[in-house]
Amino acid sequence: MFIIKSYISNHLPNLGYLTSKKEKFLSINDPLAMKAAQMILEDNEQDYLEGCITATYNSEVIFTKDFETTDLLFTWQTIITPLLINEMDGIFKITFLDSLISVEISEKDNLFYIQLEDSSGILNYNLNKVISIPKEDYLKEVSKEFLSFASFCANNELKFCEESTYPSFILDYQKLKSKMK
């Protein structure tokens, strides 16, 4: 089973912990996640929402909380690329902004191949591997979690500046929602 989850940063170097929980990341389902998200946006001039995305397939860890990104919206947009296009032609990159971790997705025989590489060696474990996931499992779970994360942003009325990726993110959200009907 493929599982992917979104987390909001709950700690900034200049502010410390943003909520009463002393955890670096909060699940978007945590009642304090909205407060942390608002504080992160305020600190980043309403431009970037920092956090991480985790993923596992049949208990094998793909993305850990070490996969931090300074822009969750943009990272999610790169993850959902296969859902928004009809034909996957070649390799797509998932971008964890300000991370040196490389993630590429390709498709063959109804499988998505996720290739991970830590060429910088910043992580304390060997990340270099390729994981195959049935295309249907990937698309179903990514759709579900992207819609959950986008709903978290929209329903909590998080305020983003005009220069942020929010306008294009919301367009992708609306496209995917209409595709799912």
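## Strands β8 and β9

Phe 92 has Ile 105 in β9 as its bridge partner, and Lys 93 is likewise bridged to Glu 104 of β9. These pairs belong to the contact between strand β8 (residues 92–94) and strand β9 (residues 102–108), which run antiparallel and are joined by three bridges. Strands here are DSSP runs of E with at least two residues, helices are runs of H or I with at least four, and both are numbered from the N terminus. Two strands pair if DSSP finds at least two bridges between them.

This is a predicted model, in which local features need pLDDT of at least 70 and side-chain atom pairs count only at pLDDT 80 or more, while totals for chains, interfaces and linings use all residues. Residues are numbered from 1 along each chain as its sequence is written, and side-chain values use heavy atoms, with hydrogens and water left out.

## The β9–β10 hairpin

Strand β10 covers residues 111–117 and pairs with β9 in the antiparallel sense over seven bridges. Within this pairing, Val 103 stands opposite Leu 116 of β10. Two residues lie between the strands of the hairpin, and Asp 109 takes a positive phi near 55°.

An open sheet is formed by four strands in the order β8-β9-β10-β11, with antiparallel pairing. β8 and β11 (129–134) are at the edges; each has a single partner strand, so one side of each has no neighbour in the sheet. From one strand to the next, the twist averages 25°.

Helix α4 (residues 135–155) lies across β8, β9, β10 and β11 and runs at about 85° to β11. Axes are lines fitted to C-alpha atoms, for helices over the stretch in contact (heavy atoms within 4.5 Å). Angles are taken between N-to-C directions and run from 0 to 180 degrees.

## Cysteines

The whole structure contains zero disulfides, a disulfide being a pair of cysteine sulfur atoms within 2.5 Å. For Cys 52, the closest cysteine sulfur is that of Cys 153, and a bond is ruled out because the 14 Å between them is too far. Cys 153 is in no disulfide either, and its nearest cysteine sulfur, in Cys 161, is 14 Å away.

Cys 52 is buried, at 0% relative accessible area. Cys 153 also counts as buried, with 0% relative accessibility. Buried means under 20% relative accessible area, exposed over 50%, and partly exposed in between, using a 1.4 Å probe and protein chains only.
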